[in-house]
Amino acid sequence: MNVTLRQLQIFAKVAETGSFTRAAEQLFLTQPAVSQQTRLLTEAVGEPLLETMGRKVYLTAAGQALLHTSEQMNQQWKAFEEDIAAQRGLHSGTLRLAAVSTAKYFIPRVLGPFCQKYPGIEVKLEVANRDRIIERIEDNLDDLYIMTKPPETLELVREPFLDNPLVAIAAPTHPLAAQAQITLAEFAQERFIMREPGSGTRIALEAFQARAGVSFNVRMELGSNEAIKQAVAGGLGVSILSRHTLHRLPVEEDEVAILPVEGFPLHTQWQLVYLSKKRLSRAAQAFLAELAAWIPQYRSRKGIT
């Protein structure tokens with residue numbers, strides 16, 4: 001069977017995007033070139049690999065089998081490249097990270113020293129919401145994943161590495177900001193700004209509400225930590241955010257005030273996650289070592305234990 005690696009790469013991109021046009025755009029090829037290579041691959045296999053319904057391209061049974069085989073071949077090739085990179089002393093290679101959006105407040109700070117130490121390592125960082133990160137885990141797209149609430153349905157290695165305290169916040173001018181102590185009942189009566197469904201922060205808060213037997217007065221839902229922080233700073237309500245999202249120290253210099261609410265901070269942990277059957281690359285192992293060395297410095301600067 002005369003099949004080329006490039007044909008398999010093009011086929012995989014068509015399967016991923018469900019479109020010849022989008023595959024061509026992402027591969028920087030013309031659509032006719034993508035179609036031709038896919039046709040040649042189909043002829044070599046001798047079975048239909050794709051079928052088009054409307055504007056969407058779907059895999060046939062043979063196409064699914066070929067995609068699975070192609071992914072295994074890619075993993076083997078990647079392992080070969082990593083072995084060669086190891087022999088060269090980590091002068092080359094790729095590190096693929098994916099992290100939930102809150103992690104963007106600290107991950108770049110460890111990536112900076114890592115890239116300086118290993119300038120030959122190409123780093124690819126994907127920042128997305130929790131649902132998208134779970135999809136990437138299922139598709140085995142990355143080396144390591146950073147999140148607080150890994151899915152329980154997948155066989156994963158979970159390594160907690162840093163506390164992620166969730167704190168109650170309000171605008172510095174909010175009446176609660178002047179109080180030395182705030183009951184949970186008082187706080188629950190305030191207009192509450194909640195993260196979107198599926199986010200790690202929301203999952204943690206919903207579990208807390210169930211344990212505490214309290215319901216927050218949710219009046220608004222927003223899809224990012226920064227949007228919530230700005231809404232709180234603007235006096236639209238109170239909320240709960242990761243302590244990592246509050247950049248400046250001391251806290252009084254920030255745009256929001258941390259409230260001394262009963263039961264808070266709510267303690268969660270950042271976890272490094274990867275598939276249990278995953279063979280970690282040398283670049284991933286080097287990143288883990290760099291992260292372990294960096295964490296004590298970050299905790300000291302940020303005031304997080």
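Glu196 is buried, with a relative accessible area of 17%. Buried here means under 20% relative accessible area, exposed means over 50%, and partly exposed is in between, with a 1.4 Å probe and protein chains only. This is a predicted model, where local features need pLDDT of at least 70, side-chain atom pairs count only at pLDDT 80 or more, and totals for chains, interfaces and linings use all residues. Residues are numbered from 1 along each chain as its sequence is written, and side-chain values use heavy atoms, with hydrogens and water left out.

Back to Glu196. It sits in the loop between strand E7 (191-195) and helix H8 (200-212). Helices (H or I, at least four residues) and strands (E, at least two) are DSSP runs, numbered from the N terminus. What is Glu196 in contact with, leaving aside its neighbours within four places in sequence? Those residues are Asn129, Arg202, Leu222 and Gly223. Contact means heavy atoms within 4.5 Å.

Next, salt bridges. A salt bridge is a side-chain nitrogen of Lys or Arg within 4 Å of a carboxyl oxygen of Asp or Glu. By this rule there are nine salt bridges. One of them joins Glu196 to Arg195, with the closest N and O atoms 2.8 Å apart. Arg195 is buried too, at a relative accessible area of 4%.

Arg202, a contact of Glu196, forms a salt bridge with Glu221, and here the closest N and O atoms are 3.0 Å apart. Arg202 lies in helix H8 and Glu221 in strand E8 (residues 217-222), so this pair ties together parts that are 19 residues apart in sequence. Salt bridges link Arg202, Glu206 and Glu221 in a network.

Elsewhere, Asp142 forms a salt bridge with Arg136, with 2.9 Å between the closest N and O atoms. Both Asp142 and Arg136 are buried.

On a 1 Å grid over the protein atoms alone, a cavity is a set of points where a 1.4 Å probe fits but cannot get out, and lining residues have an atom within 4 Å of a point. Grid points are joined across faces, edges and corners, and a volume is the space filled by probe spheres set on the points. The count is one cavity of 30 Å³ or more. The largest cavity holds about 160 Å³ of space. Its lining has 18 residues, and Val100, Thr102, Thr148, Gly200 and Thr201 lie nearest its centre. Strand E6 (156-170), H8 and strand E11 (266-275) are the elements that give two or more residues to this lining. H8 gives the most, with three residues.

That brings us to E11. Seven of the 10 residues of E11 are buried, so E11 is largely enclosed by the rest of the structure. Two strands pair if DSSP finds at least two bridges between them. E6 and E11 pair in the antiparallel sense over 10 bridges, and Asp163 has Gln269 in E11 as its bridge partner. Strand E5 (residues 144-147) also runs antiparallel to E11, joined by three bridges. Ile146 stands opposite Leu272 in E11.

Last, a hairpin. Strand E1 (residues 50-53) and strand E2 (residues 56-59) pair in the antiparallel sense over four bridges. Leu50 has Leu59 in E2 as its bridge partner. Two residues lie between the strands of this hairpin, and Gly54 takes a positive phi near 65°.

Conventions: 1 Å grid on protein atoms, 1.4 Å probe; cavity = no way out; pocket = protein on both sides within 12 Å on 5 of 7 lines; lining within 4 Å.
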